[in-house]
Amino acid sequence: QVQLVESGGGLVQAGGSLRLSCAASGRTFSCYVLGWFRQAPGKEPEFVAAIGRSGQFTTYADSVKGRFTISRDNAKNTVYLRMNSLKPEDTAVYYCAAAERTFYTSSSYSRGIRYDSWGQGTQVTASS
């Protein structure tokens, strides 16, 4: 398995921006599909975005489409989540996740159970 460490969370005003990073170590980074999930207090975990092994394929939750951008740098073993126009409802702990398996449908990327490794999370708070 791969070890994942998130960073870049913090407190911003609504409308602001943050960039989350997730550094990986262990296995070959380019073998993994990577995703970002989030969990707000008292709510179920929620899919945010995912990116394919080469970085060419990306998919987003409707709630963040057009505001968030996922990217990866396989040379640096890092995946990023650029978050613009943050809203109070984006407040959550954000987790990155990695999967070695093959995804056959776009919808399968949003299923957390398909990911094998998870980071510890980083808190993002957007204040109104």
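The legends below walk you through close-up views of a predicted model.

**View 1. Four strands line up side by side in an open sheet.** On average, neighbouring strands here are turned by 15 degrees against each other, direction ignored.

**View 2. Strands β7 and β8 pair up.** Six bridges join these two strands in the antiparallel sense. How does one such bridge look? I70 has L81, in β8, as its bridge partner.

**View 3. A disulfide joins C22 and C96.** How many disulfides does the structure hold? There is one. The sulfur atoms of C22 and C96 are 1.9 Å apart, and their link is right-handed, with 40 degrees about the S-S bond. C22 sits in strand β3 (residues 18–25) and C96 in strand β9 (residues 92–99), so the pair ties together parts that are 74 residues apart in sequence. Are these two cysteines buried or exposed? Both C22 and C96 are buried.

View 4. A disulfide needs sulfur atoms within 2.5 Å. C31 itself is partly exposed, with a relative accessible area of 37%.

**View 5. T78 is a buried residue in strand β8.** This strand covers residues 78–83. T78 counts as buried because its relative accessibility is 9%, and the cut-off for buried is under 20%. A polar atom of the T78 side chain lies 2.8 Å from the backbone oxygen of K76. Leaving out residues up to four places away in sequence, T78 touches S21, C22, A23, F29, R72 and D73.

**View 6. G8 sits in a loop between two strands.** Look for G8 between β1 (3–7) and β2 (10–13). With a relative accessible area of 35%, G8 is partly exposed. Which residues does G8 contact, apart from its neighbours within four places in sequence? They are L18, R19, L20 and T122. The C-alpha atoms of G8 and C22 are separated by 8.8 Å, and these residues are 14 residues apart along the chain.

Definitions and conventions: Residues numbered from 1 in each chain as written. Predicted model: local features only at pLDDT ≥ 70, side-chain atom pairs only at ≥ 80, totals over all residues. Heavy atoms only, no water. Buried < 20%, exposed > 50% of the residue type's maximum accessible area, 1.4 Å probe, protein only. Contact = heavy atoms within 4.5 Å. Polar contact = N/O pair within 3.5 Å; in protein donor to acceptor, adjacent residues only side chain to side chain. Pairing = 2+ DSSP bridges. Axes fitted to C-alpha atoms, helices over the stretch in contact; angles between N-to-C directions.
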